[in-house]
Amino acid sequence: MSSPHRIALLFNANKVYDRQVIAGIGQYMKSTRVDWDLFMEEDFRCRTLGIHDWNGDGIIADFDDPAVAEALADMPIPVVAVGGSYADASQYPPHTPYVATDNAKLVRLAYDHLIAQGLQRFAFYGLPPTPGNRWAQEREEAFRYMVDTDRLEGLVYRGSPTSAGGWGRVQEEMAEWMRSLPKPIGIIAVTDARARQLLQSCVVADVPVPEQVAIVGIDNDPIAQTLNRIALTSVIQGAEGMGRAAAQLLHKMLHGRVAPDTRIVVPPLGINVQASSLHQPMKSPYVMRAKHYIRQYACLGIKAEQVADYVGISRTLLEEHFKRELKQTVHQTILGHKLEIARGMLVDPTIPLADVAVRSGFTSLQYMYAVFRREFDCTPRQFVEKARP
């Protein structure tokens, strides 16, 4: 048998996008007969130091980092680039096969979703431009093009780079921006990490999500979801498909079968719709503020009296507003949110039922069972079985 090809993967796997690309490469290897000996830094960081001394057969690398692109420009072995797409084709590296995420379609999915929620004002939360985040600039330009084409109001806020020392100032600036926005408004964040910052700033600014601000991120990052009290709507990149495409290109290049200027642009897989973007216009500002509070704290065991205290009116008056606008009580709204959170966790069989009960705000597993039987006439597990197609 011939020796396996030695392939270097140059990615920063601390990012969900890079991890998914790497997963796609692994999927291609498992589904074919390629025999590759993979090299990655043991801490899963991307380093090009010494790459010219590496005695390998091919490389797949993240070309969003211009330093990587420069280091690999004259490599004598096959190289496949992975990165963001560009509206201007001249921005792609010359003579290097390139697999790209479709930045315009990522933004289009988020934008169309917010329009479907009935919103007519939009904003984009991006990043300060740097040579390493040209993909963010492409997404910002795609947003500007869409709102300009539709003759709608579109605002752009780039904020500041984040650091522990300056976070308090950055968050207050973001909260001030939130307060200044015309409302209701839909905001597209350039990544889920930036979207999570928006959700935090809405808490600081006391701005209800999604009644006044509807938020959509990009990446569908499970870590970002875990850190939010309000579930985040996010566009799902086709990053694993990018990895499979990149591996297939390199496989062909190792046998001399790929044109050097090959371009493959991979569209997003869809959008994971959650509470953060489901804009619901409401007449009562009291109900709006109350629902904002409930979404954040229902799973911590809050009572209707605490919601009324937050809103600043009596419980009796708040109940009147709820019955008029939502046709249910404050308690029923709190319970409904807890059940929604529980149902979301029940689809993951790795989460113990006792943990589902605690994390969704029920005082015990027995109480959660009792509520499911009363509300749905079944146990939690039976509810999941019924919901499956």
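In this predicted model, the largest nonpolar core holds 26 residues, of which Phe11, Ile25, Trp36, Ile60, Val80, Val82 and Val99 touch the most other members. At least two residues of this core come from each of β1 (5–10), α1, β4 and α8 (239–253). The helix α8 supplies the largest share, with 8 residues. A second, separate core has 24 residues, including Ala175, Cys202, Val213 and Leu232. In soluble globular proteins, nonpolar side chains tend to be buried together.

**Overall chain**

- The chain has 389 residues, and 48% of them count as buried.
- Its secondary structure comprises 15 helices and 12 strands.
- Taken along the principal axes, the C-alpha atoms fill a box of roughly 75 × 45 × 40 Å.
- Contacts between residues at least 6 apart in sequence include 67% that join residues at least 24 apart.

**Ile60 in the largest core**

- Ile60 belongs to the group of core residues that touch the most other members.
- Leaving aside residues up to four places away in sequence, Ile60 touches Ala8, Leu9, Leu10, Phe11, Ile25, Trp36, Val80, Val82, Ala246, Ala247 and Leu250.
- Among these partners, Phe11, Ile25, Trp36, Val80 and Val82 are also listed with the core residues that touch the most other members.

**The largest pocket**

- The volume of the largest pocket is about 1200 Å³.
- Its lining consists of 36 residues, and those closest to the pocket centre are Arg229, Ala231, Gln274, Glu340 and Ile341.
- Two or more lining residues come from each of α7 (222–226), α9 (285–297) and α12 (330–346).
- The helix α12 gives the most to this lining, with 8 residues.
- Divided by class, the lining of the largest pocket contains 17 nonpolar, 13 polar and 6 charged residues.

**The second largest pocket**

- A volume of about 840 Å³ is found for the second largest pocket.
- Of its 37 lining residues, Lys15, Leu127, Trp135, Thr191 and Ala193 are the closest to the pocket centre.
- The elements that give two or more residues to this lining are α1 (16–31), β4 (79–84), α4 (134–150), α6 (192–205) and α7.
- The helix α6 gives the most, with 5 residues.
- By class, the lining of the second largest pocket has 14 nonpolar, 12 polar and 11 charged residues.
- The helix α7 gives two or more residues to the lining of the largest pocket and also to that of the second largest pocket.

**The helix α12**

- With 17 residues, α12 reaches 24 Å from its first C-alpha to its last, close to the 24 Å expected at 1.5 Å a residue.
- The buried residues of α12 are Val330, Thr333, Ile334, Leu335, His337, Lys338, Leu339, Ala342, Met345 and Leu346.
- Glu340 and Ile341 are among the residues closest to the centre of the largest pocket, and both fall within the range of α12, 330–346.

**Thr262 and its surroundings**

- Thr262 lies in the loop between α8 and β11 (263–266).
- Apart from residues up to four places away in sequence, Thr262 touches Thr96, Pro97, Tyr98 and Leu249.
- Thr262 and Leu249 are 13 residues apart in sequence, and their C-alpha atoms are 8.9 Å apart in space.

Key
Residues numbered from 1 in each chain as written. Predicted model: local features only at pLDDT ≥ 70, side-chain atom pairs only at ≥ 80, totals over all residues. Heavy atoms only, no water. 1 Å grid on protein atoms, 1.4 Å probe; cavity = no way out; pocket = protein on both sides within 12 Å on 5 of 7 lines; lining within 4 Å. Points joined across faces, edges and corners; volume = space filled by probe spheres on them. Helix = DSSP H or I, 4+ residues; strand = E, 2+ residues; numbered from the N terminus. Nonpolar A, V, L, I, M, F, W, Y, C, P; charged D, E, K, R; others polar. Expected span 1.5 Å × (residues − 1). Buried < 20%, exposed > 50% of the residue type's maximum accessible area, 1.4 Å probe, protein only. Core = buried A, V, L, I, M, F, W, Y, C linked by side-chain atoms within 4.5 Å. Contact = heavy atoms within 4.5 Å.
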